[in-house]
Amino acid sequence: MALFKKRPEGKPGEWYYCLKHGTVEEGPECRAADRLGPYGTREEASHAMETAHERNEEWRTDPRWNDDADGAGDAGEGPKAG
C-alpha cells in the first residue's frame, strides 16, 4: 500500500480555479472536488465563479427545464415526466 498518493502533474496552459483557496492555479494543484476547470487562460479561470453563476442562471430559467408559468421554477427539479 502506498503511503503517499502521486499528485497529478499540471500541464502548462491549463488553468484552474480552486474553490477551497479562492485562487487561480496553473495545472491541477488541489484535488478535483475543490476546483473548476480547466480553462484556457488565467483570465478565464479568474472569472470561474461568475461563469458558473451565469450558466446556473441560464439553466434555471431555461423553458425546456421549467414547467412553471411564471418562470420562477424550482432549481431542485429537472424535466417532469409527461
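Visitor: Before I look at charges, what counts as a salt bridge here?
Guide: A salt bridge is a side-chain nitrogen of Lys or Arg within 4 Å of a carboxyl oxygen of Asp or Glu. Arg64 and Asp62 meet that definition, with their side chains at 2.7 Å, N to O. Keep in mind that this is a predicted model.

Visitor: Thanks! Is Asp62 buried or exposed?
Guide: Asp62 is buried, at a relative accessible area of 13%.

Visitor: How many salt bridges does a search of the whole structure find?
Guide: The search finds three. Besides the pair of Arg64 and Asp62, there is Asp34 with Arg31, whose closest N and O atoms are 3.0 Å apart. Glu57 and Arg60 form another, with 2.8 Å between the closest N and O atoms.

Visitor: Take Asp34 next. Buried or exposed?
Guide: Asp34 has 16% relative accessibility, so it counts as buried, the limit being under 20%.

Visitor: Let's zoom out. In what order do the elements run from the N terminus?
Guide: The order is β-β-β-α-α. That makes two helices and three strands in the protein chain.

Visitor: What order do the strands take in the sheet?
Guide: They form an open sheet in the order β2-β1-β3, with antiparallel pairing. The edge strands are β2, residues 23-26, and β3, residues 35-39, and each of them pairs on one side only. Averaged over the sheet and ignoring direction, neighbouring strands are turned by 25° against each other.

Visitor: How many bridges link β1 to β2?
Guide: There are four bridges between β1 and β2, in the antiparallel sense. One spot to look at is Trp15, which stands opposite Glu26 in β2.

Visitor: And on the β3 side, how many bridges are there?
Guide: Strand β1, residues 15-18, pairs with β3 over three bridges, again antiparallel. Here Tyr17 has Leu36 of β3 as its bridge partner.

Visitor: I'd like to check the backbone torsions. Which residue in the hairpin of β1 and β2 takes a positive phi?
Guide: That is Gly22, with phi near 70°. The hairpin has four residues between its strands. As background, most residues other than glycine have a negative phi, and most peptide bonds are trans.

Visitor: Which peptide bond is cis, then?
Guide: The bond from Gly37 to Pro38 is cis, with omega near 15°. Pro38 itself is found in strand β3.

Visitor: What share of the contacts comes from residues 24 or more positions apart?
Guide: Counting contacts with a separation of 6 or more, residues 24 or more positions apart account for 18% in the protein chain.

Technical notes
Residues numbered from 1 in each chain as written. Predicted model: local features only at pLDDT ≥ 70, side-chain atom pairs only at ≥ 80, totals over all residues. Heavy atoms only, no water. Pairing = 2+ DSSP bridges. Axes fitted to C-alpha atoms, helices over the stretch in contact; angles between N-to-C directions. Buried < 20%, exposed > 50% of the residue type's maximum accessible area, 1.4 Å probe, protein only. Contact = heavy atoms within 4.5 Å.
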